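Subject: Structure handover and notes

Dear colleague,

Please find the structure below, with its sequence. My notes on what was found follow it.

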Amino acid sequence: MAKILGGITTSHVPAIGRAIAGNLQNDPYWKPFFDGFPPVHDWLQKVRPDVAVVIYNDHGLNFFLDKMPTFAVGAAASYQNADEGWGIPTLPPYTGAPELSWHIINELVEREFDLTTCQEMLVDHAFSLPLKLLWPDDEYCPVHTVPVCINTVQYPLPSARRCYKMGKALGEAIASWDDDLRVVIIGSGGLSHQLDGERAGFMNKNFDLAFMESLIADPKWVTQYSNEDIVEKAGTQGVELLMWLATRAALPGPVRKVHANYHIPISNTAAGLMVMEVAG
Amino acid sequence: MSMVRQKRTIPGTSIFDGALARKGYALNKMCFSFNSADNRDAFSRDEDAYCDAYGLSDAQRAAIRGRDVLGLLAAGGNVYYLAKFAGILGLDVQDLGAAQTGMSKEAFKAMLMAAGD
């Protein structure tokens, strides 16, 4: 059976792609962010995943408002990155895991999560940058991938409670796959930030740190909040923390915190990073 | 029964719901097209013709012409799509933040830094 090793959660902003393309990892502005990653590389060396299931939100590359799925799962043999409007160099294609994708789709729909299934799917910076940050030296991402996209563009968004349940069902679906694959879950989004409106630039360090801690000891903590509560506390795009929540929910049982980093700001965003290993 | 759900107010913040998604559809569709470099070039060559092709409203057109970020949001623009318009203008998210808060870019960046204290 497939084994879930743990989860890695990280923030994403397009500017990380520009920093990587320009080799700015040691630039004083970027160093506190990139310095968070070597312990994650060590952990990946130790656990050796075959597959990464990446929970992320699309920013208007693959999905437009003409059709906006709440939950979408990729089922392609490969996924292309593409220009998102800024001309940042694109990253090479990602290898899919279509058989595992279809198993996940079948199991999630059976459990009453009515998904959109994507046999073609462009993946944006929220998908590509975490993988590049985790495997910086590989030209091609060395693991197979399954994209799981959660709508954070157009309300109503799925609630934290619903994302927790989806994550839990996703983890159970993966664990029931009859193949000895080693799987890591990646959650890409957040933490607090707000790009739009007169409150642009808003961040909330205390809330972010409380949320990060909650994932270890009390993972349902944030499900007490509505998405509007989360926007109030973490900013309009802070609601992307739903990716972290679904990732944690996909991990079976208790977890051990292997590593965490938190830095303000990268671009307009509070950048969080955490590695959670499945205990036992 | 009311068709409109009671919305709560979060200062300086709007929730991109169905009403805004309807209002902003043409504007967001145009900005979505800017994923393509060819489309960005076509817009830059003739902004008015490009706005015509997407059927922008007068308010949307005025906000595009005026590079008015809050006006674009009020006209139904969604920030994820508007960011692609900002890219054509060579503006980053600190420029957008400064424009929306009425701060200088330097003051806005200092505010971001201070959030980490």
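In these notes a residue is buried when its relative accessible area is under 20%, exposed when that area is over 50%, and partly exposed in between (1.4 Å probe, protein chains only). This is a predicted model: local features need pLDDT of at least 70, side-chain atom pairs count only at pLDDT 80 or more, and totals for chains, interfaces and linings use all residues. Residues are numbered from 1 along each chain as its sequence is written, chains are lettered from A and ligands numbered from 1 in the order in which they are written, and side-chain values use heavy atoms, with hydrogens and water left out.

Chain B

Helices and strands here are DSSP runs, numbered from the N terminus (helices are H or I with at least four residues, strands are E with at least two). Chain B has nine helices and zero strands, so its pattern along the sequence reads α-α-α-α-α-α-α-α-α. Its C-alpha trace spans about 45 × 45 × 20 Å along the principal axes. Of the 117 residues in chain B, 41% are buried. The accessible surface of chain B (Shrake-Rupley method, 1.4 Å probe; for residues, only the protein chains shown count as cover) is about 6,100 Å², and carbon and sulfur atoms hold 55% of that surface. Taking contact to mean heavy atoms within 4.5 Å, residues 24 or more positions apart make 50% of the contacts in chain B that have a separation of 6 or more.

The interface

The contact between the chains involves 41 residues of chain A and 40 residues of chain B. About 3,600 Å² is buried between them, with 59% of it from carbon and sulfur atoms. Buried area is the accessible area (1.4 Å probe) that two parts lose on being put together, summed over both. On the chain A side, Phe64(A), Glu198(A) and Glu228(A) lose the most area to chain B, and together they account for 17% of what that side buries.

A salt bridge is counted when a side-chain nitrogen of Lys or Arg lies within 4 Å of a carboxyl oxygen of Asp or Glu. There is one salt bridge between chain A and chain B. It joins the side chains of Arg40(B) and Asp83(A), at 2.7 Å from N to O.

In chain A, α8 (227–234) and β10 (255–266) each supply at least two residues of the side that touches chain B. Helix α8(A) gives the most, with four residues. By class, that side of chain A has 15 nonpolar, 15 polar and 11 charged residues. Nonpolar covers Ala, Val, Leu, Ile, Met, Phe, Trp, Tyr, Cys and Pro; charged covers Asp, Glu, Lys and Arg; the others, Gly among them, are polar.

Salt bridges within the chains

Over all chains, the whole structure has 14 salt bridges. In one of them Glu172(A) pairs with Arg111(A), with the closest N and O atoms 2.5 Å apart. Glu172(A) is in helix α6 (residues 160–175) and Arg111(A) in the loop between α4 (98–110) and β6 (116–118), so the pair ties together parts of chain A that are 61 residues apart in sequence. Glu172(A) is partly exposed at 34% relative accessibility, and Arg111(A) is partly exposed at 31%. Both belong to a network of salt bridges that also links Glu107(A) and Lys168(A).

Lys257(A) forms a salt bridge with Glu213(A), at 2.8 Å between the closest N and O atoms. Lys257(A) sits in strand β10 and Glu213(A) in helix α7 (residues 205–217) of chain A, 44 residues apart.

In chain B, Arg65(B) and Asp48(B) form a salt bridge with the closest N and O atoms 3.6 Å apart. Arg65(B) is in helix α5 (residues 58–65) and Asp48(B) in helix α4 (residues 47–54), so the pair ties together parts 17 residues apart in sequence. Asp48(B) is partly exposed, at 41% relative accessibility.

Buried parts of chain A

Helix α9 (residues 242–250) of chain A is mostly covered, with nine of its nine residues buried. Among them are Trp244(A) and Arg248(A). Ser128(A), in helix α5 (residues 125–134) of chain A, is buried at 2% relative accessibility. Neighbours within four places in sequence aside, Ser128(A) is in contact with Asn81(A), Leu91(A) and Tyr94(A).

Regards
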